[in-house]
Amino acid sequence: MKRVFLFAAVALAAVACKPRSEGGPVYLDPNQPLEARVSDALSRMTTEEKVALTHAQSKFSSAGVPRLGIPELWHTDGPHGIRPEVLWDEWDQAGWTNDSCTAFPALINLAATWNRDMASLYGDCIGQEARYRKKDILLGPGINMGRTPLNGRTFEYMGEDPYLAGQLVVPYVKGVQANGVAACVKHFAVNNQEVRRTATNSVVDDRTLYEIYLPAFKAAVEEGGAWAIMGSYNLWNGQFNCHNKRLLCDILKGEWGFDGVVVSDWGGCRDDDEAVTNGLDIEMGTWTNGLRGAASDSYQNYHLARPFLERLRDGRASEADLNDKASRVLRTIFRTSMASERHFGEFTSPAHFEAARRIAADGIVLLQNDGTLPLSIPQGGKILVVGENAYKMMVVGGGSSNLKTKYEVIPLDALREAFAGKAEVVWERGYVGDVTTDYNKVVTGQDLSEKRSAAQLRADAVSAASDADCIIFIGGLNKSNNQDNEGTDRLDIVLPYGQDELIEALAAVGRPMVVVNISGSPVAMPWAPKVNAIVQGWYGGSESGHALADVLTGAVNPSGKLPFTMPKSLADGPLKTERQYPGVREEGKQWWQEYYDEGVFIGYRWYDTRKIPVDFAFGHGLSYTTFDLSNASIRRSGKGWKVSATLRNTGSREGAEVVQLYVADTEASVARPSKELKGFEKVSLKPGESRKVSFTISREDLSFFDADAHEWVAEPGEFHALLGTSSDKISADLPFVLK
Ligand code: BGC
């Protein structure tokens with residue numbers, strides 16, 4: 001009896017353990033290996049069904065296979081929050097009432113945290129929001145390098161250093177994808193300006209490409225395991241990047257083994273034949289003649305729709321090309337909406353707003369301070385806040401990163417909240433900047449109209465300053481044309497709307513004065529010596545005001561570091577000629593030509609090597625406490641070197657410092673930057689506390705890319721490991737030799 005029972009139990013267990021697919025299609029079984037699912041699904045599909053996977057069916061979706069129960073893919077911007085639902089074939093929002101998201105800080109703000117944990121938190125939260133909204137592909141993050149401070153999309157990217165961007169993109173991607181949403185890393189590659197972005201050929205040599213413009217993408221793919229990549233609008237070395245054979249087939253899918261899906265930027269696919277053969281997998285947003293005429297089958301006019309089918313039928317396109325694209329799309333669907341673990345996500349939860357506030361505050365950079373910050377205002381005192389950016393909501397606008405958020409806390413309200421019952425917070429606008437309050441039919445609801453003249457606005461601000469205990473100027477840029485905005489570049493790095501003169505006039509009043517620059521890209525600060533403190537704020541998203549007030553009041557001890565250089569003037573930068581920027585028209589050439597003649601020397605690699613003074617250096621950022629970096633040492637360890645030092649909080653507040661490791665090659669046979677970032681660690685310490693920080697330097701960290709040999713080369717000779725707390729504050733110089 002006992003034996004029979006045992007037998008029955010074993011039989012039952014065997015049934016329970018049977019793969020669910022037995023008898024059913026493998027592709028439907030999320031427990032089957034991914035590749036088995038892909039090939040099974042592929043084997044059941046018609047040519048037409050496969051082709052349908054490779055192009056859009058609406059502004060933000062591409063088809064699945066309805067007959068097989070395989071769902072369509074929903075794409076969404078990205079990268080700072082989940083875009084409101086748009087109409088089927090339009091950019092304008094659809095007017096839903098339940099799609100107002102959590103607006104996270106702009107990616108440049110995340111980059112300024114120099115904090116991998118923040119990137120991970122960001123990715124996880126935005127991934128959850130995407131999942132809740134049933135999106136499969138998040139169009140972000142953007143990691144194009146800050147080649148010029150004028151690039152209108154600098155705020156959407158992660159700064160001027162490939163290592164920094166690479167270190168932050170990896171946890172962001174992992175965080176997003178842990179929620180069953182594909183991160184679509186963009187814009188691949190060498191897409192560093194908005195001016196003529198769809199008609200410019202970037203001429204970049206291989207060394208520059210491999211050392212500066214590719215590493216962050218490589219990290220996203222190889223270490224982050226990104227499931228999607230977006231091609232960029234421009235051309236590189238004569239071919240559009242959405243179907244650039246070398247970039248997509250040879251490098252991305254070849255050298256890096258990328259097995260995910262390449263999505264075109266919206267309208268970035270330009271050629272019937274190259275779209276088929278050169279590595280593009282999903283074509284989105286194409287502006288064809290058919291679409292312009294609003295033909296009923298407009299999506300059939302896409303390069304990868306009817307023309308692709310025709311080519312397959314007459315033999316100009318191969319079955320192998322089709323199967324490769326379809327497999328990649330299927331893989332993406334199985335990784336996301338048909339994954340074994342389905343996530344429900346979470347939308348606008350208190351935890352997400354809290355995360356947005358933490359990340360925003362963690363990236364705010366204290367550029368200068370004589371002790372005026374954190375604010376110490378006598379009871380019943382007066383704080384005069386001047387500037388449009390204290391009031392203007394910034395989440396709406398800027399291009400495809402435009403968001404509709406549940407709420408946005410402006411700095412003025414946050415300061416009033418922080419000082420309620422303690423001090424009066426008076427606001428003077430001071431100047432009129434941008435009065436726009438809507439984008440793609442998303443509205444902020446603010447009224448920014450102004451009747452006073454510029455002279456009157458300034459006079460009112462100056463007269464209100466005379467009895468202020470502190471003046472806080474909150475200005476900078478905004479998201480209108482020629483500022484931090486997609487589609488246009490800035491014209492200069494000087495602050496617009498006469499802000500420099502206004503700041504000078506306020507400083508002349510002689511009261512303690514703090515300048516808060518809200519921008520997503522570098523601005524010149526000629527008045528720096530005349531003000532007491534300077535804070536670099538960013539577009540901080542829903543909680544931007546709170547984050548800024550947290551730092552100004554000292555509730556948060558600032559620990560952000562600049563992810564780009566703040567030059568004194570545009571003319572000091574590496575782009576000197578029109579052929580470098582914004583490009584030139586050449587006889588016989590169809591597209592604008594832009595030559596990256598500066599090579600690897602962008603950002604601090606340029607200023608530092610040429611010893612050009614800047615306002616604030618890459619990696620700079622102060623704290624309300626002080627730190628000491630000592631006991632630096634270097635020793636051989638395995639195949640590399642181990643660099644260590646002790647960081648101590650020597651002040652009276654808890655705070656965090658970013659220890660930065662740069663490497664210098666002093667005996668190179670090629671021109672190399674005077675130093676390059678190869679490691680960083682953000683360390684939080686209580687007063688008096690100290691901690692040992694260690695880094696490993698590998699051979700790779702010493703290498704440059706030899707384009708002729710197509711390999712990384714570490715030349716024997718002397719190198720220096722430079723440890724510090726900014727690119728211009730190096731406290732230990734440790735020479736070592738590569739034999
Ligand atoms: C932008 C992309 C964006 C896409 C969809 C394009 O114009 O360059 O970054 O993801 O539109 O909105």
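## Charges over rings

A charge is said to sit over a ring if NZ of Lys or CZ of Arg is within 6 Å of the ring centre and within 35 degrees of the ring normal. Arg-37 lies over the face of Phe-334 in this way, at 4.3 Å from the ring centre, and the charged end of Arg-579 sits over the ring of Tyr-595, 3.9 Å from its centre.

The model is a predicted one, in which local features need pLDDT of at least 70 and side-chain atom pairs count only at pLDDT 80 or more, while totals for chains, interfaces and linings use all residues. Residues are numbered from 1 along each chain as its sequence is written, and side-chain values use heavy atoms, with hydrogens and water left out.

## Aromatic pairs

Rings of Phe, Tyr and Trp (for Trp, its six-membered ring) pair if their centres lie within 6.5 Å, and the planes count as stacked when under 30 degrees apart, as edge-to-face when over 60 and as tilted for the rest. A search of the whole structure finds 27 aromatic pairs. One of them is the edge-to-face pair of Phe-240 and Trp-591, with 5.0 Å from centre to centre and 80° between the planes. Phe-240 lies in strand β9 (residues 239–240) and Trp-591 in the loop between α18 (544–553) and β19 (592–595), so this pair ties together parts that are 351 residues apart in sequence. Helices (H or I, at least four residues) and strands (E, at least two) are DSSP runs, numbered from the N terminus. Phe-240 is buried, with a relative accessible area of 7%, whereas Trp-591 is partly exposed at 21%; here buried means under 20% relative accessible area, exposed means over 50%, and partly exposed is in between (1.4 Å probe, protein chains only).

The rings of Trp-538 and Phe-564 also form an edge-to-face pair, because their centres are 5.6 Å apart and their planes stand at 75°. Trp-538 is buried at 4%, and Phe-564 is likewise buried, at 4% relative accessibility. Elsewhere, ring pairs link Trp-114, Tyr-163, Tyr-604, Phe-618, Tyr-662 and Phe-680 into a cluster.

## Helices and their contacts

Helix α5 (residues 116–132) and helix α6 (residues 162–177) pack at an angle of about 35°, with their axes 7 Å apart; such axes are lines fitted to C-alpha atoms, for helices over the stretch in contact, and the angles run from 0 to 180 degrees between N-to-C directions. Among the residues that make this contact are Ala-119 and Gly-123 of α5 and Tyr-163 and Leu-168 of α6, where contact means heavy atoms within 4.5 Å.

Arg-131 is also found in helix α5, and this residue is buried, with a relative accessible area of 7%. Not counting residues up to four places away in sequence, Arg-131 touches several others, including Asp-136, Thr-336 and His-343. In helix α12 (residues 306–314), the buried residues are Pro-307, Phe-308, Leu-309, Arg-311 and Leu-312, and they pack against α3 (47–53), α10 (272–277) and α13 (319–335).

## Backbone exceptions

Most residues other than glycine have a negative phi, and most peptide bonds are trans. A cis peptide bond, however, joins Asp-77 and Gly-78, with omega about 0°, and another joins Lys-186 and His-187, with omega about -5°. Lys-134 has a positive phi of about 60° although it is not a glycine, and this residue counts as exposed at 62% relative accessibility. Asn-440, too, has a positive phi, near 45°, but counts as partly exposed at 22%.
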